Amino acid sequence: LESEIFEVSELFFADSPSLCDDISTSVARTDMNCRSMLMENVLLTGGSAALRGLNKRLTKELEKKWPMVRVLTPLEPGDSAWCGGSYLGSIPDYANTAITQQDYEAAAASGADSHGNSRQTDQLAQLVERKCF
């Protein structure tokens, strides 16, 4: 393997929206006071996070749009989601904010009006707002 090692990670930047676009859009939708903190704590996890050079390339691309960027990759990025979920689940108040499958299905079912038009996205957003904020 030679150039293939770098070509794989290029897929994150080739299409629109790219990984940078998705991160930027997500952060731009948050409260203005939180944006710099979020951009200084971008965390790459999962198996793809282990791709050589991905962290540096993502940092370089994000710095074109944001003044302060720090992209972190844990030593074992493939295990991070499991460890984070385990930690989150151990917090006593988590049960009050967790959205169960039953909550999700109830919100989705209430998302259609009498004319059959779907308001499912609105209902799910309200569920998240009610449970988490």
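How many residues apart are Arg57 and Glu61 in helix α4, and by about how many helical turns are they separated? Arg57 and Glu61 are 4 residues apart, and therefore about one helical turn separates them.

## About the model

The structure is a predicted model, in which local features need pLDDT of at least 70 and side-chain atom pairs count only at pLDDT 80 or more, while totals for chains, interfaces and linings use all residues. Residues are numbered from 1 along each chain as its sequence is written, and side-chain values use heavy atoms, with hydrogens and water left out.

## Overall build

The chain has 8 helices and 2 strands, where helices (H or I, at least four residues) and strands (E, at least two) are DSSP runs numbered from the N terminus. Read from the N terminus, the order of the elements is α-α-α-β-α-β-α-α-α-α.

Of the 133 residues, 21% count as buried; here buried means under 20% relative accessible area, exposed means over 50%, and partly exposed lies in between, with a 1.4 Å probe and protein chains only. Among contacts (heavy atoms within 4.5 Å) with a separation of 6 or more, 58% are between residues 24 or more positions apart.

A nonpolar core is a set of buried Ala, Val, Leu, Ile, Met, Phe, Trp, Tyr and Cys residues joined through side-chain atoms within 4.5 Å. The largest one has 14 residues, of which Ile23, Met39, Val42, Leu58, Leu62 and Val71 touch the most other members. Helices α2 (19-28) and α4 each supply at least two residues of this core. Leaving aside residues up to four places away in sequence, Met39 touches Ile23, Val27, Leu62, Trp66, Met68, Val69 and Arg70.

In α2, the buried residues include Cys20, Ile23, Ser24 and Val27. These residues lie on the same side of α2, because they cover an arc of only 95° around the axis, the arc being that of the directions from the helix axis to the C-beta atoms.

## Salt bridges

The structure holds 4 salt bridges, each being a side-chain nitrogen of Lys or Arg within 4 Å of a carboxyl oxygen of Asp or Glu. In one of them Glu10 pairs with Arg57, and their closest N and O atoms are 2.2 Å apart. This pair links distant parts of the chain, since Glu10 is in helix α1 (residues 4-14) and Arg57 is in helix α4, 47 residues apart. Arg57 also forms a salt bridge with Glu61, with the closest N and O atoms 3.1 Å apart, and a network of salt bridges links Glu10, Arg57, Glu61 and Lys64.

Glu61, which is found in helix α4 (residues 54-63), touches Phe13 and Cys20 when residues up to four places away in sequence are not counted. Elsewhere, Lys65 and Asp21 form a salt bridge whose closest N and O atoms are 2.7 Å apart. That pair connects the loop between α4 and β2, where Lys65 lies, with helix α2, where Asp21 lies, 44 residues apart.

## An exposed loop residue

Leu75 lies in the loop between β2 (71-72) and α5 (80-89), and with 84% relative accessibility Leu75 counts as exposed. Although Leu75 and Ala49 are 26 residues apart in sequence, they are 9.9 Å apart in space, C-alpha to C-alpha.
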